[in-house]
Amino acid sequence: MAHGGISSMSSKKATPAEGVATRHSKQCRSGSGGRCNCSPTYQANVWDNRARKRIRKSFTTLSAAKQWRRDASTALERGGADLHADPSSRTLAEAADEFIAGARSGAVRSRSGTSYRPSTVRGYERCLRLRVKPALGHLRIGEVRRRDLQRFVDDLLAEEMDPATVVKTINPVQAIFRRLAQREEIRMNPAADLELPKGRRRRERIASPAEAAALIAALDLPERALFATAMYAGLRRGELRALRVSDIDLAAGLIRVARTWDDGEGEQEGGKSEAARRRVPIAAVLRWPLGEHLVASRRTGDDLAFGMTAREPFYPSTVRNRALAAWARFNAAAADDQRLDPITLHEARHTYASLMIAAGVNAKALQSYMGHSSITVTFDLYGHLMPGNEEEAAGLLDAFLRRAA
């Protein structure tokens, strides 16, 4: 059991609601009733019931003291880390294990304050286990320097590792040291300002309006409704797997996106981020295939709309194979200039974005419908498709001047 508070070494009084008192220097005017002219510090403490002793730690900010007390209390409740040891004496491997355990439990959160997605935690754990720990795991976190991490990055590139993989490998290391620096367990963050490679973004296939319609029409139910929902509503694959019939309101023309399906952890509330919870309008072009599927499947209420069964989600590989087989049958009978180029569910989502942009939907609305965490993400991914690029800028200016005249 852990008990604790935040107090001052020099003040005997504390605010009852917070357990906080200020620690001033001996020369501070506050000691004689004047206005503080020093930089006060804060001391947090927790009671270790097993060791029968109180653990104290001082911080320069109140928020850091509170955060340390929360983390320390949680660790003691779970019988976790040895808080009596110097935090910087832990090895990077030990710090990595603690970080992954905290990310899984929800105690460790991302920079945006949200829980890490299970798939992100699995990716972090894999990169740390396969590449980071063998090379750097033996180093104590207080001894790791920027040059060590930069050399590690340079060595991976020298081995001709894909730049995107290098960045993915160093991402959990940056998250670990950022958290340690914020909690003042290390004086300097060695993972900041590293020189990282910039890989070329993978070319995403985007179908034209006519091509999108032809691809969907060539499919059988339920793949026709599934790809139509990805193409005309922009849902992610995990969101499609977790979509329930009760989330679809054909009368109101809305799809409510409230959850996703993770390959390892199953159904997850909320989805990729807080922004992933959203309402997406159902266009007329989607209403017919979606309604047709719901009638044919006879699913209702909380049944999965596209699941293998009412409770079991579809398997992406199965859906992909069925779609490829349908498009192959179509191509076998089609003329050369009418053959269809297969598309994935992820590429169908990109197609939705391009269609909405071409239709004139503003970027802020598109951000909401796509479930992006910020409009910056929307611009980074689709800015090149929006009106105003080099191919359209002159035409837009001419049209504006004609209207003005």
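**Entry 1**

I began with Glu267, which is partly exposed at a relative accessible area of 30%; I take buried as under 20% relative accessible area, exposed as over 50% and partly exposed as in between, with a 1.4 Å probe and protein chains only. The model is a predicted one, in which local features need pLDDT of at least 70 and side-chain atom pairs count only at pLDDT 80 or more, while totals for chains, interfaces and linings use all residues. I number residues from 1 along each chain as its sequence is written, and side-chain values use heavy atoms, with hydrogens and water left out.

The side chain of Glu267 meets that of Arg244 in a salt bridge, at 2.7 Å from N to O; the term stands for a side-chain nitrogen of Lys or Arg within 4 Å of a carboxyl oxygen of Asp or Glu. Arg244 sits in the loop between α8 (237-242) and β4 (248-249), and Glu267 in strand β7 (residues 266-269), so the pair ties together parts 23 residues apart in sequence. Helices (H or I, at least four residues) and strands (E, at least two) are DSSP runs, numbered from the N terminus.

**Entry 2: other salt bridges**

I searched the whole structure and noted 22 salt bridges. One of them joins the side chains of Arg256 and Asp247, at 3.0 Å from N to O; Asp247 is buried with a relative accessible area of 3%, whereas Arg256 is partly exposed with 39%. In another, the side chains of Glu269 and Arg277 meet at 3.7 Å, N to O, where Glu269 is exposed with 53% and Arg277 is partly exposed with 42%. Through salt bridges that share partners, Asp247, Arg256, Arg259, Glu269 and Arg277 form one network.

**Entry 3: which side of α6 is buried?**

Which residues of helix α6 are buried? In this helix, residues 209-217, I found Ala212, Leu215 and Ile216 to be the buried ones. They cover an arc of only 95° around the axis, which puts them on the same side of α6; the arc is that of the directions from the helix axis to the C-beta atoms. On the face turned away from the buried side of α6, I noted the exposed residues Ala210 and Ala217. The cover over the buried residues of α6 includes α7 (223-233), α10 (316-333) and α11 (345-358).

**Entry 4: the loops on either side of α6**

Most residues other than glycine have a negative phi, and most peptide bonds are trans, which is the reason I looked for exceptions. In the loop between α5 (163-182) and α6 I came upon Glu184, which has a positive phi of about 60° although it is not a glycine, and which counts as partly exposed at 30% relative accessibility. Asp193, also found in the loop between α5 and α6, has a positive phi of about 60° as well, again without being a glycine, and counts as exposed at 69% relative accessibility. I then turned to the loop between α6 and α7, where Pro222 lies; a cis peptide bond, with omega about 0°, joins Leu221 to Pro222.

**Entry 5: His372**

Is His372 buried or exposed? It counts as buried, at 5% relative accessibility, and it lies in the loop between α12 (363-370) and α13 (375-382). Leaving aside neighbours within four places in sequence, I listed the residues in contact with His372 (heavy atoms within 4.5 Å), among them Arg236, Ala275, Arg349 and Tyr382.

**Entry 6: α2 against α3**

Helix α2 (residues 92-105) and helix α3 (residues 118-136) pack at an angle of about 175°, with their axes 10 Å apart. The axes are lines fitted to C-alpha atoms over the stretch in contact, and angles run from 0 to 180 degrees between N-to-C directions. The two helices are therefore roughly antiparallel to each other, a term for angles over 145 degrees. The residues that meet include Phe99 and Ile100 in α2, and Tyr124 and Leu128 in α3.

**Entry 7: the whole chain**

Of its 405 residues, 41% count as buried.

How values were computed:
Parallel < 35°, antiparallel > 145°, perpendicular 65-115°, else oblique.
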